[in-house]
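Welcome! Take a look at the sequence and the model first, then read on.

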Amino acid sequence: MNTQHQSHVDIDALYQGDQSKLYSGLMAEHHGADINSEGSKKQVKRIIKVTIFLTIITALEVVLGLWGHHVGVPRAVTSALFLIMTLLKAAYIVKVFMHLGDETRNMIVTILIPLTLFIWFIIAFLADGGFWLHMNHSSGIHYMLP
Amino acid sequence: MSTTTAPLPASVSAPKVWGGGRSPFNVSYGKMMMWFFLLSDAFTFGALLISYGTTRFFSSVWPEANAVFYASPFFGDKNLPLVFVSLMTFILILSSVTMVLAVHAGHYNDKRGVVKWLLWTIIGGIAFLSCQAWEWTHLHAEGGWWGSFTDLSMPASAIQHFFGNYPGHVLTATNHAAAMQATHDFFNYFFTITGFHGCHVASGVCFNTMILINTVNGTYERRGHYEMVEKIGLYWHFVDLVWVFVFTCFYLL
């Protein structure tokens, strides 16, 4: 197929047959490139870089978990650091491993906006838990085992 | 709306993004639905982890991760906090890497590469599940299970080791009931959440095996693209992503 003169008719034919051909891999992005091509090797390098990055963060988390506990670093400090490192790891997995960083802007926004619900979700429920503890302490009522 | 502009011939104009014929998101239906499924699954896992957090917030005492997860296979009762679970986390990260390499090979229609990396991914998934089976067995032997630790006549000394032997962590008559409740809640959440995650890993191994068979049979080669590997890859990375949060919530915080 001559890609330079691809008309709407060709695109429609492809779309109705198997739309994935339009958007997936070889036809969509790499135009028949080889696995050993320059572009391919660059991408593999990027994957290995992210792997090393994720490994280092995980190692740091474990070290902080053990050492921080040993030395007695305040819980709030270690917890904040753990959450930052977790979100960093999550961002890299979604962006590079799940290729969300390579999608169109509309697609990225469509996936990320619903996740903002978590902001309310976490604040509301942890506040509820904290309030419950406060009530138990101040009223002297303790919840019972079944 | 302007009525004076004559429409350009279809063959001349570049296709409009929202003009039909092409996906404005530049993804196929199947891939987008996989993303939306994962979004819904993220809320399921999120709900589980947040309810775990809520329970933890209203408990005045809570088991200490370093004291609960201290054991490793082949090391008996040696105190090695976090070591084994770090290994599990590393295995899952590596299997995620091999999966992304399989997807990458698929992008270039490299059948041999896809087969090789899918095999490694399946091995990683099975290794992770084996580690989890060991950990569950170990915690079960320590008395933890769904619905365990409800007997208030059990002395505080029997659950003290879950809270560690640090100053300020000593259970007394006043916090004994709360500690028993917290241990009970902790194990319920632990087995539910890691169990639900383990089910995802197990089904991911099944999906990977299915696409491996299809790849070997040349199904995707004939189809002209390896998009199925991409879609299953998304699922597999998501499972890894969830573990990142489970690891933080249960073992670190």
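B:T215 is a buried residue, because its relative accessible area is 0%, and buried means under 20%. This comes from a predicted model, so please read the values below as computed from that prediction. B:T215 has its place in helix α5 of chain B.

**Around B:T215**

- The side chain of B:T215 has a polar atom that lies 2.6 Å from the backbone oxygen of B:I211.
- Leaving aside residues up to four places away in sequence, B:T215 touches B:K111, B:V114, B:V115 and B:L118, and also B:Y220 and B:Y226.

**Chain B as a whole**

- Chain B has 7 helices and 0 strands, and its pattern along the sequence reads α-α-α-α-α-α-α.
- Of the 253 residues in chain B, 55% are buried.
- If you look at contacts in chain B between residues at least 6 apart in sequence, 76% of them join residues at least 24 apart.
- Chain B has an accessible surface of about 10900 Å², and carbon and sulfur atoms account for 67% of that surface.

- The size of an interface is often given as the accessible area lost when the parts come together.
- Here, chain B and chain A bury about 6500 Å² between them, with 73% of it on carbon and sulfur atoms.
- On the chain B side, B:W35, B:F58 and B:Y108 lose the most area to chain A, and together they make up 12% of what that side buries.
- The contact involves 73 residues of chain B and 71 residues of chain A.

- In one salt bridge, the side chain of B:K31 meets the side chain of A:E103, at 3.5 Å from N to O.
- Between chain B and chain A, 8 residue pairs are in polar contact, with both residues at pLDDT 80 or more.

**What the chain B side is made of**

- Helices α1 (29-57), α3 (83-107), α5 (176-217) and α7 (227-252) of chain B each supply at least two residues of the side that touches chain A.
- The helix that gives the most to this side is α1(B), with 16 residues.
- Sorted by class, the side of chain B that touches chain A has 41 nonpolar, 23 polar and 9 charged residues.
- Helix α5, one of the helices supplying that side, is also the place of B:T215.

Conventions
Residues numbered from 1 in each chain as written. Chains lettered and ligands numbered in written order. Predicted model: local features only at pLDDT ≥ 70, side-chain atom pairs only at ≥ 80, totals over all residues. Heavy atoms only, no water. Helix = DSSP H or I, 4+ residues; strand = E, 2+ residues; numbered from the N terminus. Buried < 20%, exposed > 50% of the residue type's maximum accessible area, 1.4 Å probe, protein only. Contact = heavy atoms within 4.5 Å. Areas by Shrake-Rupley, 256 points an atom, 1.4 Å probe, with all protein chains shown as cover. Buried area = accessible area lost by both parts, 1.4 Å probe. Salt bridge = Lys/Arg side-chain N within 4 Å of Asp/Glu carboxyl O. Polar contact = N/O pair within 3.5 Å; in protein donor to acceptor, adjacent residues only side chain to side chain. Nonpolar A, V, L, I, M, F, W, Y, C, P; charged D, E, K, R; others polar.
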